[in-house]
Amino acid sequence: MEKQRTIAKPVSISGVGLHTGNITTITFKPAPANTHYVFVRTDLPERVEIPAITDYVVDLSRGTTLGTGDVKVHTVEHVLAAIVGLQIDNCIIELSNNEPPVGDGSSKIFVEALLEAGVVEQEEEREYFAVEEQIYYKNEHKFVDIVALPLNDYRLTVMVDYFNPALGSQHSGMFDLKKEFIDEFAPARTFCFLTEVEMLHKSGLIKGGTLDSALVIIDKDIDAAGSKALQALLDLAEAPKESNNGILNGTELRFKNEPARHKLLDMIGDLALVGVPIKAQILAARPGHASNFEFAKMIRKQYLEKRKKNKLNPSKKEPVLDIFKILEIIPHRFPFLLVDKIIHFDPDERVIVGIKNVTINEPFFPGHFPGKPIMPGVLICEAMGQVGGLYVWNSIDDISKKLMYFSGFKNVKFKKPVIPGDQLVIEVKLLSMKFGILMYKGTVFVDDDIVAEAEFQAALVDRE
């Protein structure tokens, strides 16, 4: 199994933000295992952390912006692409302002800084999300198609076509992240069309943009007056001019298909928002930040669903509490002890998951019903209550002095009968706990199917 990785030491870069024009210092710092990527604004009175996942995307205007409340970090895609491209799993990214330095419009400066910091392995194993069936996104209005196909690797192929003769149609593909990213994709610079420059500036964007931080593709004629206007707009020392290679001022391309490679670079950064490394073959036609985000949301949704199933799969879990520990904690005894082990306990998510193995030897089956054994719904609810009780009892110092009574149920649903041989996977989430009154949401699964669910209230009382 591959191990997770972080950087060996902090490293910093300073520069101007592409869209905001703000001077910023970005500092990459080592992070504990399972942190993923977290942006931190250090210029604010209080420390504000913004995880790099789809839930925190707040704007997609010519870049990907993350935020929480009123705090934002703009244009994060090139930073994230550099971290993913170097196969770094965990990193804290501190910013002294609201946008990373643009550098030359690629991920090159971030890759160089991270390589200087060095990469180290951590004890925990790396988790992947392996695509098991086709995931397809389409935007007919913008002619965008993106598909992820099962593959035990990470490969991307991108086609760009803006229906503009100045750029034409271009393709690029990355087939080995480890071998190709640093030299073949990290240096690919961002680009825009000459006809877009004035519009972007009027929209409050590219305030820090120069001809050294982006390729400007000539898609219209430039006369002397237009050249002077561009000089003033971009605050250039000299008036820009047309060229034979189709790039303003004749800037040489690093790759013949550099725009397509940059779109692939953007996609690597945007797909980092899934929150976990991906294994898939991804094919994209005319992708952009908005479509990348929608596609990343689709992948993340499947990842979270799969993680939940794995969490609820007893075969993948060592018990957190075995039956002997449960007997030390819970007051219930035969024939009313209805939980065999606890396989998951997460105080941060306020979730506990227990197992009840249902056998033909259960004392209630002879009477419920003769010849047609079905577990009573009230006992399934009791099992939820006992699992929920273990969440609380496990945190009480002197459990011998406490009991927990049900005080109410609502939204109770029984969706499938439970019969001998079934294994109940009982997930209970603590919703609130005030003054000894507890609110829970319980869901009971058999083979990934929900068989029962309920919201219930309980009271924690003194035994005497």
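Q: What should I know about the model first?
A: This model is predicted; local features need pLDDT of at least 70, side-chain atom pairs count only at pLDDT 80 or more, and totals for chains, interfaces and linings use all residues. Residues are numbered from 1 along each chain as its sequence is written, and side-chain values use heavy atoms, with hydrogens and water left out.

Q: At what angle do H1 and H6 pack?
A: Helix H1 (residues 77–85) and helix H6 (residues 258–271) pack at about 80 degrees, their axes 7 Å apart. H1 is therefore roughly perpendicular to H6 (65 to 115 degrees).

Q: Which residues of H1 and H6 meet?
A: Glu-77, His-78, Leu-80, Ala-81 and Val-84 of H1 meet residues of H6 including His-262, Leu-265 and Ile-268; contact means heavy atoms within 4.5 Å.

Q: Changing topic, in what order do the strands of the open sheet stand?
A: The order is E6-E7-E8, with antiparallel pairing; strands pair if DSSP finds at least two bridges between them. Strand E6 (57–59) and strand E8 (71–73) are at the edges with a single partner strand each, so one side of each has no neighbour in the sheet.

Q: And which residues of H4 are buried?
A: In helix H4 (residues 194–202), Leu-194, Glu-196, Val-197 and Leu-200 are buried (under 20% relative accessible area, 1.4 Å probe, protein chains only). They lie on the same side of H4, because their arc around the axis is only 130 degrees.

Q: What covers them?
A: The cover of the buried H4 residues includes strand E16 (191–193), strand E17 (215–217) and helix H5 (224–234).

Definitions and conventions
Axes fitted to C-alpha atoms, helices over the stretch in contact; angles between N-to-C directions. Helix = DSSP H or I, 4+ residues; strand = E, 2+ residues; numbered from the N terminus. Parallel < 35°, antiparallel > 145°, perpendicular 65-115°, else oblique. Buried < 20%, exposed > 50% of the residue type's maximum accessible area, 1.4 Å probe, protein only. Arc of directions from axis to C-beta.
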